Amino acid sequence: MQYRRLGRTGLKVSALCLGTMTFGWSADRETSFAIMNAAVEAGINFFDTADIYSYWISGNKGGESETIIGEWFRQHDRDSIVLATKVRGPMWSGPNGEGLSRAHILRAVEDSLRRLGTDYIDLYQVHYPDEETPLEETLSALDVLVRQGKVRYIGFSNYSAWLSVKSLWVSDKFGYAPFVCSQPHYSLLHRKEFELEEEAMCLSEGIAVIPYSPLAAGFLTGKYTRANRTPDTSRQESGLIRELTASNQAYDALDLVQEIASGHSVPMAHVALAWMLARPSITAPIIGARTVEQLREVAGAPELTLTASEIDRLTEITQGF
């Protein structure tokens with residue numbers, strides 16, 4: 001496994017990050033434990049979760065993923081894992097049960113620490129913007145957590161480039177701990193949103209990038225074919241999958257991924273991840289798994305080096321996504 005600096009920090013993380021949204025949803029406690037064990041065996045030291053997982057998917061109250069990770073930590077070395085979680089979504093009733101206000105953040109972090117069974121979070125991320133709360137309020141609350149030692153670094157997810165830059169400016173103006181990491185939606189088949197402006201901003205400011213859905217909700221693993229467009233009932237209703245399974249260009253790209261994978265004798269997922277890891281902006285794509293087999297299938301991706309020609313062909317065929 002390769003290890004990379006998290007942006008401009010000195011923190012070293014594995015080139016793949018284990019996403020844990022499936023924990024407590026499509027992966028039960030026993031399976032989740034097995035996935036984390038397999039990740040550690042593969043050299044992955046970076047786990048990503050969120051307080052709302054798996055609220056959005058299962059309709060549960062949230063906190064299931066953090067709770068499972070906390071139970072796993074009882075039998076494993078907490079300090080060997082770089083742990084990331086997020087705050088923003090609805091976690092309790094009432095008008096302050098969600099958002100990025102000081103009131104919500106200071107309560108939410110204590111709840112996350114309790115569920116995770118730890119006294120610090122390595123990377124605390126705002127999950128998505130809160131237009132009703134001033135940036136100064138959010139960033140000052142996060143700065144308090146860093147100064148208290150409850151949080152070591154802070155990051156953002158689903159922020160536009162202008163909002164990211166404004167956040168950095170506010171932190172610089174008031175002397176707050178700055179954001180060091182971005183978690184955008186990015187893959188071979190979802191490029192424009194990140195590449196248009198945010199990628200250049202991250203490179204310029206030394207911001208780490210840990211993209212989610214780097215395999216396009218499983219489409220880039222080859223499970224969806226022109227002949228069988230709905231094999232996975234847990235994903236087939238997602239908007240992204242409906243869009244991709246209806247696109248001839250997406251299947252043309254998939255054919256090229258398969259061709260390159262066959263040439264290297266590796267799974268298709270390795271090619272999609274290796275293309276991403278070859279970009280200088282990318283630190284560690286977030287990979288999710290519902291089974292140990294799925295985790296092991298992608299764990300070796302950082303060892304694959306694509307040729308310049310292969311990278312160019314993949315980049316060209318996915319223009320427009």
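Me: Before we start, what does buried mean here?
Reply: Buried means under 20% relative accessible area, exposed over 50%, and partly exposed in between, with a 1.4 Å probe and protein chains only. This is a predicted model, where local features need pLDDT of at least 70, side-chain atom pairs count only at pLDDT 80 or more, and totals for chains, interfaces and linings use all residues. Residues are numbered from 1 along each chain as its sequence is written, and side-chain values use heavy atoms, with hydrogens and water left out.

Me: Thanks! Why is Ala216 called buried?
Reply: Its relative accessibility is 1%, so Ala216 counts as buried, the limit being under 20%.

Me: And what makes Arg147 exposed?
Reply: Arg147 has a relative accessible area of 63%, and exposed means over 50%. Asp143, at 8%, is buried.

Me: Which parts does the salt bridge of Lys86 and Asp48 tie together?
Reply: The N to O distance in that bridge is 2.7 Å. Lys86 lies in strand S5 (residues 82-87) and Asp48 in strand S4 (residues 46-48), so parts 38 residues apart in sequence are tied together. Strands are DSSP runs of E, at least two residues, and helices are runs of H or I, at least four, numbered from the N terminus. Both Lys86 and Asp48 are buried.

How values were computed: Salt bridge = Lys/Arg side-chain N within 4 Å of Asp/Glu carboxyl O.
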